Amino acid sequence: NFMLTQPHSVSESPGKTVTISCTRSSGSIDSNYVQWYQQRPGSSPTTVIYEDNQRPSGVPDRFSGSIDTSSNSASLTISGLKTEDEADYYCQSYDSSGIFGGGTRVTVL
Amino acid sequence: QVQLQESGPGLVKPSETLSLTCTVSGGSINDYYWTWIRQTPGRGLEWIGYIHAGGSTNYSPALKSRVTISQDTSQNHFSLKMGSVTSADTAVYFCARGSYPWYFDYWGQGTLVTVSS
């Protein structure tokens, strides 16, 4: 199995843009889809991006996902940051098992 | 709207078996991949395994020897059993619906299970 590595935390001011990386340790990042989940304190995760760059209905277009094969990583970008975006974000992929990244705490200053 | 709800004991003794049930409403479990995931402060989110509507299962290699996931389509629920638990199994346990099966689009609220004597 491979691992997915995320930064522990990122912070930015309201209205700005943050990008969270998710680096795959082995194998190609484009071999298997990547999902991104948002988890607010005391709540269960909800999907913000699935299949690398697809947004579920109801997720604002401020959230976008991408894949970069040169760095073997996926990224979640949140533009126009709002205080409500403050949460933990997890990337997730798979091979024969589900694999989660360690999570990134986004703080909106 | 699909909803999932975990239920089961919140306290389990070491070496005993953890048993949880996930009841699904707003949809049938006769399709999709019904999944268990747990979360601890130290290890984050950890995929445990799934059962497909057809009855096939897939478990995390790290937990495979101790885990069984089953389903009851008449009750529209599925269950997790984990044997020989230790304090390392203390976690919030989530059930979720898996599409294809690796996109978890609906999650339960989670239930805290503490392993302690």
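## The chain B disulfide

With 65 degrees about the S-S bond, the B:Cys22 to B:Cys95 link is right-handed. The two sulfur atoms sit 2.0 Å apart, and a disulfide here is a pair of cysteine sulfur atoms within 2.5 Å. B:Cys22 belongs to strand S3 (residues 18-25) of chain B and B:Cys95 to strand S9 (residues 91-99) of chain B, so the pair ties together parts that are 73 residues apart in sequence. Strands are DSSP runs (E, at least two residues), numbered from the N terminus. Both B:Cys22 and B:Cys95 are buried, that is, under 20% relative accessible area (1.4 Å probe, protein chains only).

Keep in mind that this is a predicted model: local features need pLDDT of at least 70, side-chain atom pairs count only at pLDDT 80 or more, and totals for chains, interfaces and linings use all residues. Residues are numbered from 1 along each chain as its sequence is written, chains are lettered from A in the order in which they are written, and side-chain values use heavy atoms, with hydrogens and water left out.

## The chain A disulfide

How many disulfides does a search of the whole structure find over all chains? It finds two. In chain A, A:Cys22 is joined to A:Cys91, S to S 2.1 Å. Strand S3 (residues 18-24) of chain A holds A:Cys22 and strand S8 (residues 87-94) of chain A holds A:Cys91, so this pair ties together parts that are 69 residues apart in sequence.

The A:Cys22 and A:Cys91 link is right-handed, with 80 degrees about the S-S bond. A:Cys22 is buried at a relative accessible area of 0%, and A:Cys91 also counts as buried at 0%.

## Where the chains meet

Chain B and chain A each put 18 residues into the contact, meaning heavy atoms within 4.5 Å. Together they bury about 1400 Å², 60% of it on carbon and sulfur atoms; buried area is the accessible area (1.4 Å probe) that two parts lose on being put together, summed over both. B:Leu45, B:Trp102 and B:Tyr103 supply 41% of the area that chain B buries against chain A, more than any other three residues.

Definitions and conventions:
Helices (H or I, at least four residues) and strands (E, at least two) are DSSP runs, numbered from the N terminus. Buried means under 20% relative accessible area, exposed over 50%, partly exposed in between (1.4 Å probe, protein chains only).
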